[in-house]
Amino acid sequence: SMPMHTTNRRPNRNQRELSQRKDIFSNRREKKSSTASEAQSMQKSLMRTQMLLKNESQRVSTLAAAIEEDGKRLQDTMDHHKSLDIKNAGEALKGLERAQQNEQRVLMASVSFFFLVVCHVLYSRIVAKFGLGGVYTAIFGEGEEL
């Protein structure tokens, strides 16, 4: 729940200022007024006007400070983004892609070499144990000797 003092305070303040503005700009005059009472009325009116101007000045000052702070934040953000240097990041990304392609080629070459070594070892073991005419001829049929 919201605190009572923040929600109730503003409408009362605005209503008070609105009534003060009405008093300042109202055209009602007493028919029988002396010079002293008119002077006193004018003094009160000027004091209310002064108070309203002071309040508005404080609001404008607060608003100006907030705008200045937001401007500094935006400038800091823009400076940070400029410092990231997107061009160098793109070149680094292309370099990583080339390195990945090279690693893929090396991996395929090493797997192929491993497969050839395994085939050679199996062939050597089978030929050494059964001779060239045994399994080789059963698998590949009669053919030329190596």
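In this predicted model, Glu17 is buried, with a relative accessibility of 3% (buried means under 20% relative accessible area, exposed over 50% and partly exposed in between, with a 1.4 Å probe and protein chains only). Glu17 forms a salt bridge with Arg59, whose closest N and O atoms are 3.0 Å apart, a salt bridge being a side-chain nitrogen of Lys or Arg within 4 Å of a carboxyl oxygen of Asp or Glu. This pair links distant parts of the chain, since Glu17 lies in helix α1 (residues 4-25) and Arg59 in helix α2, 42 residues apart; Arg59, at 29% relative accessibility, is partly exposed. Residues are numbered from 1 along each chain as its sequence is written, and side-chain values use heavy atoms, with hydrogens and water left out. Local features require a pLDDT of at least 70 and side-chain atom pairs count only at pLDDT 80 or more, whereas totals for chains, interfaces and linings use all residues.

The count of salt bridges comes to four. In helix α2, Glu69 and Arg73 are four residues apart, about one turn of the helix, and their side chains meet in a salt bridge at 2.8 Å, N to O. Glu69 is partly exposed at 42% relative accessibility, while Arg73 is exposed at 53%. Salt bridges that share partners also join Glu17, Glu56 and Arg59 into one network. Lys72 forms a salt bridge with Glu68, with the closest N and O atoms 3.7 Å apart; because these residues are four positions apart in helix α2, about one helical turn separates them.

The protein chain has four helices and zero strands, where helices (H or I, at least four residues) and strands (E, at least two) are DSSP runs numbered from the N terminus. Buried residues make up 5% of the 146 residues. The accessible surface of the chain comes to about 13,500 Å², of which 60% belongs to carbon and sulfur atoms, as calculated by the Shrake-Rupley method with a 1.4 Å probe, only the protein chains shown counting as cover for residues.

The chain averages a pLDDT of 79, and 75% of the residues score at least 70, pLDDT being the predictor's confidence in each residue, from 0 to 100. Confidence is highest in helix α2 (residues 35-83), at a mean of 89, and lowest in helix α4 (residues 135-140), at 62. Where pLDDT is low, the predicted coordinates should not be read in detail.
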